[in-house]
Amino acid sequence: MTMVSVGIPTVRSGARPSLDGRPDVPQLLDKFGRVAKDLRVSITEKCSLRCTYCMPEEGLPAIPADELLSATEIVRLVTIAVRQLGVEEVRFTGGEPLMRRDLEEIIAGCAEAVPGTPLSMTTNAVGLQHRAAALAKAGLGRINVSLDSVDRAQFAQLTRRDRLQSVLAGITAARAAGLTPIKVNAVLMPQTIDGAVDLLQWCHDAGVELRFIEEMPLDADHEWARDNMITAERLLGVLGEHFELVEVGRDDPSSPAEAWTVDGGPGTVGIIASVTRSFCSDCDRTRLTADGRVRSCLFSDQEIDLRDSLRNGASDDDIAMAWRGAMWNKWAGHGINVDGFTPPERSMGAIGG
Ligand SMILES: Nc1nc2c(ncn2[C@@H]2O[C@H](COP(=O)(O)OP(=O)(O)OP(=O)(O)O)[C@@H](O)[C@H]2O)c(=O)[nH]1
Ligand SMILES: C[S@@+](CC[C@H](N)C(=O)[O-])C[C@H]1O[C@@H](n2cnc3c(N)ncnc32)[C@H](O)[C@@H]1O
Ligand code: SF4
Ligand code: SF4
């Protein structure tokens, strides 16, 4: 039986998470000494694609319009995060952020409210060709694009949509609009491993940085299986037959991607080995879901609802303190490699990758 989970995790609304033992500092500190400075804001659960490792075929159930954070609410939360909680960069994600018609308004509002804070977006780039210039004008700095294969049939099979040309046009338009540097993310699956060499060659020729990602157990269909996963080790073996790769590691310890130079550089390829070379001990992320909940970790089902607090008249200080509490109680890591691991209720598209 195929299970589809979209998830209603444990939500604490109004109740304050425990702050016991927390030093009185403004930042988003956790009990393991990590400080979250990288905010990832999901703005929708909707998507123009249906990647098999992420979404169910029919898409995620729609979040009712009145449960979604509005542009104004997003701007207020981003402002609190930057001004009161020490957040240094903000990324918009989803679902697919381009599905929101008010994306330009959200970006412009944030750019005005927190000038100087880097704003980026992770996107599938479908339809981006028509909006790249306006997004850059609104204040978006750069984008990362999901592109798993440059083979039209493979792309269509994996995403369940025949939209490769639109993605490629989106990348071209983003470059022209100055949304750079552009990084390409590819989740490798058994059916696309054969295309990995072509994809790396394509990215190299296009002047964009490619990062391969190990599939995590965050697919809505709950079909992830460790034996099916293309590990960093296996991928390096495949790429190593065609390119000379030299490991250079991470430029920033909190970055998910480790880099290898390709054929002597300067071009590099990255690998985000979340499962086999976990980077949780250096995690610097905090997340907001599209319905306004703080999520301290991709894999934690405990969420703190800020949307109701906002709508019930909470002050910025109250919201900041609830956010600090959510992060103080963050887990050590994802636990995928621990016996008894169970995936979270929400899938990647519903959390915000
Ligand atoms: N385990 C884990 N994986 C993550 C996390 N954030 C992102 N990823 C994975 O990393 C991939 C790439 O994420 P991006 O949205 O491009 O962000 P990034 O790599 O931090 O972006 P850059 O700052 O541009 O390097 C995602 O598709 C996820 O698979 C995280 O907090 N935990
Ligand atoms: C959920 S998507 C949202 C943004 C946008 N729709 C996109 O695809 O870039 C964000 C990232 O999550 C990644 N992702 C989705 N499901 C994943 C999984 N099961 N394991 C690892 N990464 C996953 C995607 O490849 C993408 O880079
Ligand atoms: S990975 Fe991104 S593009 Fe693919 S289904 Fe998930 S949200 Fe959509
Ligand atoms: S799995 Fe959780 S703790 Fe690990 S890097 Fe991702 S968000 Fe951070």
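## A guided reading of the model

His 222 is partly exposed, because 16 other C-beta atoms lie within 10 Å of its own. The rule behind this word is as follows: a residue is buried if 20 or more other C-beta atoms lie within 10 Å of its own, exposed if 12 or fewer do, and partly exposed in between, with C-beta atoms placed from the backbone. The structure is a predicted model, in which local features need pLDDT of at least 70 and side-chain atom pairs count only at pLDDT 80 or more, while totals for chains, interfaces and linings use all residues. Residues are numbered from 1 along each chain as its sequence is written, and chains are lettered from A and ligands numbered from 1 in the order in which they are written.

Most residues other than glycine have a negative phi, and most peptide bonds are trans. His 222 is placed in the loop between E9 and H7. Here helices (H or I, at least four residues) and strands (E, at least two) are DSSP runs, numbered from the N terminus. Arg 160, which is not a glycine either, has a positive phi of about 60°. Arg 160 belongs to the loop between helix H4 (152-159) and H5, and it is partly exposed, since 13 other C-beta atoms lie within 10 Å.

Two cis peptide bonds may be considered next. One joins Thr 180 and Pro 181, with omega at about 0°; Pro 181 is in the loop between helix H5 (164-177) and E8. Another joins Gly 265 and Pro 266, with omega at about 5°, and Pro 266 sits in the loop between strand E11 (258-262) and strand E12 (268-272).

The view may now widen to the whole protein chain, which has 10 helices and 15 strands. Its C-alpha trace spans about 55 × 50 × 45 Å along the principal axes. The radius of gyration is 19 Å, which agrees with the value near 20 Å that a compact globule of 353 residues would have. This radius is taken over C-alpha atoms, and the globule rule is 2.2 Å times the number of residues to the power 0.38. Of the 353 residues, 45% count as buried. Among contacts between residues at least 6 apart in sequence, 77% join residues at least 24 apart; two residues are in contact if their C-beta atoms, placed from the backbone, lie within 7 Å.

What forms the interior? In soluble globular proteins, nonpolar side chains tend to be buried together. In this model the largest nonpolar core has 96 residues, and those with the most contacts inside it are Val 78, Ile 107, Cys 110, Ala 186, Leu 210 and Trp 323. The largest share of this core, eight residues, is supplied by helix H1 (residues 71-85). A nonpolar core is a set of buried Ala, Val, Leu, Ile, Met, Phe, Trp, Tyr and Cys residues joined through C-beta atoms within 7 Å. Apart from its neighbours within four places in sequence, Trp 323 is in contact with Leu 28, Leu 85, Val 294 and Leu 306.

An unreviewed UniProt entry lists Tyr 53, Gly 95, Ser 146 and Met 216 under "binding site"; such annotations may be inferred rather than shown by experiment, feature names are shortened, and positions are given in the numbering used here. Gly 95 lies in the loop between strand E5 (89-93) and helix H2 (103-113), and it is buried, because 27 other C-beta atoms lie within 10 Å. Met 216 is in the loop between strand E9 (209-213) and helix H7 (232-240). Met 216 is likewise buried, with 21 other C-beta atoms within 10 Å. Leaving aside neighbours within four places in sequence, Met 216 is in contact with Ser 274 and Val 275.
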